[in-house]
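The sequence and the structure are shown here.

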Amino acid sequence: MEYGLIGGQLGHSYSKVIHEMLCGYRYDLCPLPTEEEVRAFMTRRQFRAINVTIPYKLVVMEYCSYIDPHAKAINAVNTIVNRNGLLYGYNTDYPGFSYLCDAHGVEFKDRTVLILGTGGTHNTTWAVAHDRGAKQIYTVSRHPDPEKGELTYAQALTTGAQIIINTTPVGMYPNVGVSALDITSMPGLEAVIDVIYNPDKTELILRAEELGVPVAVGGLEMLVAQAVYAAEFFLDRKFEDAGAEIARVTSELRREQLNIALIGMPSSGKSTLGRALAERLGKRFVDLDEEIVKADGRSIPDIFAAEGEAGFRKLEAAQTARFARENRQVISCGGGVVKDPANLRALHANGIVLFIDRPLEDLLVGGGRPLSTSPEALKTMEAQRRPLYLAAADAVIPNKTTPADAVTAAMEALDEIFSH
């Protein structure tokens, strides 16, 4: 292969998409499950340039004739260029993480920093924090080594840290919705950074947002930035404006990968608009009500009749969690999905939420909908749910005229969201 990525498991890597979006060359994913395989690969040297991910950033250093000082200091190589049979090793995670911090105004000087995890990315983030003047840097581990000054997660809560960096896989797809550290009892946080990029927002980042932490950001920009800097080594040339390339590719990648979740009252047009949006965006369409019926084997009125609203909501939560963790979908949600905060956390973790706002007088009564059997019931429901829809939505899409107008409004709203 000419260009590509090697690592233990690469099934959900975005690197191929990023590099091909960035430069147009072919970029192959080459999973190598064992160290024996990676050593054989490195001995053959049949590549022009590669990226390296876990768990091989250390072992590949043995095969490099030259190692960049930054990579040597961090003790990890993630970019290798083959120049006439000699391998040159670099680390673009360091400038990638630096870019992420700069892009969001993270100030390390005189701050106390917690780094969760002890793997290779720990060393990279530690080096950036140290080089930028952090006052104290603590390493947090499930199995801390006291001789290295590592802390338990319980001890971490009492450090008075201003910055938290997660370098562990806790919360990463497919095991989403969990966090290694409960930050609710940590006042004074200025930034929470998670190097995980799938989901877009981990549980740690969602909690930080809810607590009002000024900077709460995942690792997608870091991933794109390190790829841009790696491509410069691959091609032996600098981009005229690397920052602009990082911003462009990050925006395009989020537009391509993230879900679009549609919320709103029953009969507000979510399914109709969802199918049209899915076609426009090249994403899969998912109707959560249909998936509930498919999984349970009963109609929604039958579920309500047998188990009441509580039983239905339990089934709804399960299907919401199931589909929200995936990507590249337009998801039409049931009208009451907003009643459970856990549903909204799941939808926001990997997607953009749009409120389809149809006037009350245009909503349908009945139609097999157990909770809107009369105009009075519909009016009461709308009054109760509207504040929830507005609070949950990233944008409000009026659906007052034609479906085509609503789709146009949705596309314009998404353009605005993804341009920032």
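Pro 199 is placed in the loop between strand E10 (191–194) and helix H7 (203–210). The model is a predicted one. The peptide bond that joins Asn 198 and Pro 199 is cis, with omega about 15°. Another cis peptide bond runs from Ile 54 to Pro 55, with omega near 10°. Pro 55 is found in the loop between strand E3 (49–52) and strand E4 (66–67).

| Residue | Phi | Loop |
|---|---|---|
| Asn 84 | about 55° | between strand E5 (79–83) and strand E6 (86–90) |
| Asp 110 | about 65° | between helix H4 (93–103) and strand E7 (112–116) |

Is Asn 84 buried or exposed? With a relative accessibility of 84%, Asn 84 counts as exposed, because the cut-off for exposed is over 50%.

Next comes a sheet. Its 5 strands are ordered E13-E14-E12-E15-E16, and this open sheet has parallel pairing. Strand E13 (284–287) and strand E16 (395–398) are at the edges with a single partner strand each, so one side of each has no neighbour in the sheet. From one strand to the next the twist averages 25°. Within the sheet, strand E12 (residues 259–263) pairs with strand E14 (residues 329–332) in the parallel sense over 3 bridges. In this pair, Ala 261 is opposite Ile 331 in E14.

Helices pack on this sheet. Helix H13 (residues 341–349) touches E12, E14 and strand E15 (351–357), and its direction makes about 120° with that of E15. Helix H14 (residues 375–392) lies across E12, E15 and E16 and runs at about 145° to E15.

Which residues of the largest nonpolar core touch the most other members? This core has 28 residues, and those with the most such contacts are Ile 18, Val 224, Val 228, Phe 234, Ile 246 and Leu 253. Two or more residues each come from strand E1 (3–7), helix H1 (15–23), helix H8 (220–235) and helix H9 (242–257). H8 gives the largest share, 10 residues. Val 228 contacts Leu 22, Phe 239, Ala 242 and Ile 246, leaving aside its neighbours within four places in sequence. There is also a second, separate core of 23 residues, including Cys 101, Ile 115, Ile 137 and Ile 163.

Methods:
Residues are numbered from 1 along each chain as its sequence is written. This is a predicted model: local features need pLDDT of at least 70, side-chain atom pairs count only at pLDDT 80 or more; totals for chains, interfaces and linings use all residues. Side-chain values use heavy atoms; hydrogens and water are left out. Two strands pair if DSSP finds at least two bridges between them. Helices (H or I, at least four residues) and strands (E, at least two) are DSSP runs, numbered from the N terminus. Axes are lines fitted to C-alpha atoms, for helices over the stretch in contact, and angles run from 0 to 180 degrees between N-to-C directions. Contact means heavy atoms within 4.5 Å. A nonpolar core is a set of buried Ala, Val, Leu, Ile, Met, Phe, Trp, Tyr and Cys residues joined through side-chain atoms within 4.5 Å. Buried means under 20% relative accessible area, exposed over 50%, partly exposed in between (1.4 Å probe, protein chains only).
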